Protein chains: 2
Amino acid sequence: MPTKQTDGTSARARLLAAAGELFYEEGVHTVGIDRVIERAGVAKATLYSAFGCKDELIRAYLKARHAATQERMMRGLVRFDTPRDRLIGVFEVQSLSFTDPGFRGCAFVGASAEASSGTAVQEATADYRAWVQSLFRDLAVEAGVADPATLARQLVILYDGAGISAWIDRDPTAAIASVSLATAVVDAAIAAGRSAGQRS
Amino acid sequence: MPTKQTDGTSARARLLAAAGELFYEEGVHTVGIDRVIERAGVAKATLYSAFGCKDELIRAYLKARHAATQERMMRGLVRFDTPRDRLIGVFEVQSLSFTDPGFRGCAFVGASAEASSGTAVQEATADYRAWVQSLFRDLAVEAGVADPATLARQLVILYDGAGISAWIDRDPTAAIASVSLATAVVDAAIAAGRSAGQRS
DNA sequence: ACCTGAACAGACAGGTCTGTCTGGAGACCG
DNA sequence: CGGTCTCCAGACAGACCTGTCTGTTCAGGT
């Protein structure tokens, strides 16, 4: 049980919060342990007793990022009524973060680019990618398209591309292009699914 | 004039070749100067007299990468006859690199993710992005679509997404999805352009 | 009142990185 | 044949990074 908190939160939570900000803003490789513990107001020994090594702190950071993204997406999608609207809504929810002044692109893309070795990053990234893939696939199945797997793969590409363009070009209006693109692709797939359904 | 080459090439060229391999494979931040000069068979002082600092070596690496990509794309596009086929052909040429065992994603995405600060990376990346953008825009104008700028922005997103998916998921078959996606988008834009042309 | 245990502060070792500097070897030119 | 120029080899300084370790402080349980 944690005691002696400076504020109400545990040392582990403060470390995770500090790591979340610094790692995302400046990169997991660039930011050293000292910066993290300084911002968290925590002793170095506490960090190492809580996480073991830096790699595990990075893993925890990515897991938290994954959970937060998932949560935000699910919360953002409830306002859409049909599977078709939810498929397109994924891109609208994604694009909300583009206008955030602290937006620095996809955390998993950044971490993967920095840490070529390191199983922690690879595993956390694989988990995240599997979730994105299944999010699109489940919605595509719900929408009744002819080939949900193919549509999901295409939408993942769109999702990745929107994030990269918005980040690298510092251009939040990539959202407009990605939403219109997604709308066209989804509607075409649904139309094809309907005609295939009629035929069979 | 350079003398005392180990082989026929100049020290600068050997440095650039070594940096090109190592930076792309393992990242500009991860790879140290010592690794580069060791592979190039060159003294440290020679590197610093040729490039000044590591940042300029990275800039030269990205410029070379940019030139090579541009060259490969132009050479790959000549076999396509119409602007429509060339627009789609961009994705086919891009996807050729996906199956390369050494494929590690877009070098500019990687470098940008690693080096948050550093004007060299930002400038070289901006140059590259401008080229990709203009490649699509010029072809879209040639193809006579109604709104070349919008189509170009959408295709850039597709281009980015295909590269990211192929890299992060280690899945070269992203090429299939991106080419079919590009075909649909381009043909829809051309059809819209034709009907708009008829109307006016 | 005492003990346990978590947390803080910071020194420390061992390694890596960039960038500079010295010394020497070989090639070309006058 | 001497001067100059390019290059190699490697030591070096100064900074930074990870991870360990010591000592202290403080809260809570018994």
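Reader: What makes the set around L155(A) and L155(B) a nonpolar core?

Author: A nonpolar core is a set of buried Ala, Val, Leu, Ile, Met, Phe, Trp, Tyr and Cys residues joined through C-beta atoms within 7 Å. In this predicted model, the largest such set has 123 residues, and L155(A) and L155(B) have the most contacts inside it. Buried means that 20 or more other C-beta atoms lie within 10 Å of the residue's own; exposed means 12 or fewer, partly exposed is in between, and C-beta atoms are placed from the backbone.

Reader: How do you know which residues L155(A) touches?

Author: Two residues are in contact if their C-beta atoms, placed from the backbone, lie within 7 Å. Leaving out residues up to four places away in sequence, L155(A) touches L87(A), F136(A), A182(A) and V185(A).

Reader: Residues and chains need labels, and a prediction needs limits. What are they?

Author: Residues are numbered from 1 along each chain as its sequence is written, and chains are lettered from A and ligands numbered from 1 in the order in which they are written. As this is a predicted model, local features need pLDDT of at least 70 and side-chain atom pairs count only at pLDDT 80 or more, while totals for chains, interfaces and linings use all residues.

Reader: What is the pLDDT of chain A?

Author: pLDDT is the predictor's confidence in each residue, from 0 to 100. For chain A the mean is 92, and 94% of its residues reach 70 or more. Over residues 1-6 of chain A, however, the pLDDT is below 50, and this stretch has four contacts in the model beyond near neighbours in sequence. Where pLDDT is low, the predicted coordinates should not be read in detail.

Reader: How many helices and strands does chain A have?

Author: Helices (H or I, at least four residues) and strands (E, at least two) are DSSP runs, numbered from the N terminus. By that rule chain A has nine helices and zero strands. Of its 200 residues, 41% count as buried.

Reader: How does the span of α4(B) compare with the span expected?

Author: The expected span is 1.5 Å times one less than the number of residues. Helix α4 of chain B, residues 54-77, has 24 residues and reaches 34 Å from its first C-alpha to its last, close to the 34 Å expected. In α4(B), L57(B), I58(B), R59(B), Y61(B) and L62(B) are buried. Their cover includes α1, α3, α6 and α7 of chain B.

Reader: What makes up the contact between the chains?

Author: Chain B and chain A each give 32 residues. On the side of chain B, α8(B) gives the most, with twelve residues.
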